[in-house]
Amino acid sequence: VTEIVGAIAALALPSIAAWAVASRFDLAGPPITVIAAAGRVVAAVLAGVGVSSLCAFGWLLAGGVLDQGYAAAEAVACAVVAAAAWRSRSRAPVVEVPRGDLAALLAVGIVLAGCAAALCIAFAARRHGWWDSWVIWNLRARFLLRAGSEWRRAFAPDLPRAGYPLLLSLTVARAWAYGGESLLAPQLAAAVFTLAAPLVLFAKVARSAGALAGGVAALVLLATPEWIDLGTNQCADVPLAAIFVAALGLLACAGTADGPMRGRHLAAAGLLLGLGAWTKNEGIAGCAAALVAHLAFGLRARGLRVVRDLPWIAIGAAAPVAAWSALHVMVVPLVTDDISGIGDPGALAKLLGADRWGEVAAGMWDHFPGTHELVLPGALALAVAVGVRPRALARSVPFVASVLLLLSYALAYVLSVRDLRWHLSTSASRVLIQAWPALLLGVFTAAAPPALAPELKPIGPDAPPRGRDALRE
Amino acid sequence: MVDLGIWRSRDAWPARRRTALAIAFALAVWNVVSTGAKFAGQPDRFDELQQFLAPFRDSVTLRSKVAVLQPEDESDVWFAAIRYGLAPTTVLRIRPSDGCMKAGWRPECAGDATHLVITNFRPEIAASLGARFGFRPLADTTGAQLLVRMAQ
């Protein structure tokens, strides 16, 4: 029981504090539906869990250890922050979900409950997760907790990928500090991230394209076999995907907001983008892709005023970037294996080799989420059915950012110094899942909002003229 | 002939989205059910390995240095399981590919290891192999033996 309560408290307390702080800064804004509120709660969970991992890292650097004393101090700090922020919170009334949208809410709710049950079944067969969790993520969490003041042993050169960032490992180690070491804590963390991304996707697509389109987007993600499968692995790819999609959702919100709300959304997006880099180094590419997409479209829409967005994003990203830098300056050098091909003498020949690009494209297609189960073509068909507009797609920051992220992965594979076939077969399905929810966000937010749905005209001789015919008349 | 009028209808717009929602719902339910079915009743081999390592965990400390004798044809899973199970103890491996087998195992490959783990050998063979490295049996479990340096 202590282990269960401890693991839940370790994830819930910082999440509640983050939600209270978000309410204090009026991120909730005008009246919202239950769907939007759920999306904001999930964004707060991701931010809260991420920020608490930053605090734990700061504590370790200051000479502390992750024990019950730390857990108690953190719990008190979360309670104080939550209470202080809650007292001065802004009230954002939650309004009823329109009747027509209830079907989407119900469908997503049922599948999320089923997904939670499937995760429980899978965790019984993968109690410790899968390969990378034994050799990287949960292994490091064990070092950070069990080694006490000698936690730096987690970064010994003989350990694989010693320079990987720490959000996931510290989240697990914190949960163990709260309630004692158990298999439940990493499983719970994995489940939270696996269920968070569809909820964020649902809320963010519903905001711009309606709840039915949001429901379709979330269900497509939950229909992707790799999503649940990799979720059970207890690795950092699904957490990164969840954080990245939440960050892009906030960035998209910022794009349509003005005044103080714009700055707050940008700071929150910056925090999540930074936490993405603190989850896995691919998150750095995600940050760059999101910034490029945001600035490019912002420049078009707002001119040079878009530069004013940068300080807000920097404020949000400051803490994770500082932690990431401290990790690599004070603890362990950056892992550069995956980008070592850039300095390779044969890099130019690889870049110019059409065969190499073709092999990478074929490999990425082969390992793309849902390719073999026809989820990808199904997603495209459903996108057409919900009314995705090609022009809106080309202007969608999440879509362009996720395409840029995929291109950066393709570039990394092209320049890879390892055996390409081996490299693709061992990593492509994991890294491609990182961009999949964000890609779905980009595609489905390009669907027409319900109010702008194509105008009806019954077909037949009595039908009034429409479009060009109407203009001609 | 199929009347596609519904796809152009404003009234039909929510209906079209509801149809998409129903299809996505069916796909997601299928995926959730098939994922659950795929994992249901599957044994967790890695967890079994972790259970086997329980006797070793009590025999090593943070300061211990454990070398794992790993014949080339053996899967990395044993090594990963031992390193994961004994964390934060330092765990190294001794492999033929590292030059540790020239006319038999080379004892110097154990370096300054305080403990030696030998997997997939009968206890008496593991004991005689360990003796060549300067180790004596300390604990054993299904499929693996833990040996400690004779001086200790």
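**Helices, faces and cores**

Mentor: Let's start in chain B, where the buried residues of α5(B) pack against β1 (65-69), β2 (90-94), β3 (115-119), β4 (135-141) and β5 (144-149); packing rests on contact, meaning heavy atoms within 4.5 Å. This is a predicted model, so local features need pLDDT of at least 70 and side-chain atom pairs pLDDT 80 or more, while totals for chains, interfaces and linings use all residues. Residues are numbered from 1 along each chain as written, chains are lettered from A and ligands numbered from 1 in written order, and side-chain values use heavy atoms, without hydrogens or water.

Trainee: Which residues of helix α5 (residues 123-133) of chain B are called buried, and why?

Mentor: B:Ala126, B:Leu129, B:Gly130 and B:Phe133 are, because buried means under 20% relative accessible area, with exposed over 50% and partly exposed in between (1.4 Å probe, protein chains only).

Trainee: How do you know where they lie around α5(B)?

Mentor: They fall within an arc of 100° seen down the axis, so they line one face of the helix. The arc is taken from the directions from the helix axis to the C-beta atoms. An α-helix has 3.6 residues a turn, so residues three or four places apart point the same way.

Trainee: What makes up the secondary structure of chain B?

Mentor: Five helices and five strands. Both are DSSP runs numbered from the N terminus: H or I of at least four residues for helices, E of at least two for strands.

Trainee: Over in chain A, how do you know what span to expect of helix α3 (residues 68-87)?

Mentor: The expected span is 1.5 Å times one less than the number of residues. With 20 residues, α3(A) reaches 28 Å from its first C-alpha to its last, close to the 28 Å expected. Its buried residues are A:Tyr70, A:Ala71, A:Glu74, A:Cys78, A:Ala82 and A:Ala85. They cover an arc of only 95°, which puts them on the same side of α3(A). On the other side, A:Gln68, A:Val76, A:Val80 and A:Arg87 are exposed.

Trainee: What makes a set of residues a nonpolar core?

Mentor: Its members are buried Ala, Val, Leu, Ile, Met, Phe, Trp, Tyr and Cys residues joined through side-chain atoms within 4.5 Å. The largest has 174 residues, of which A:Phe57, A:Trp278, A:Trp436 and A:Phe444 touch the most other members. Helix α19 (residues 420-444) of chain A gives the most to this core, with 14 residues. A second, separate core of 14 residues includes B:Ala67, B:Leu69, B:Trp105 and B:Ala113.
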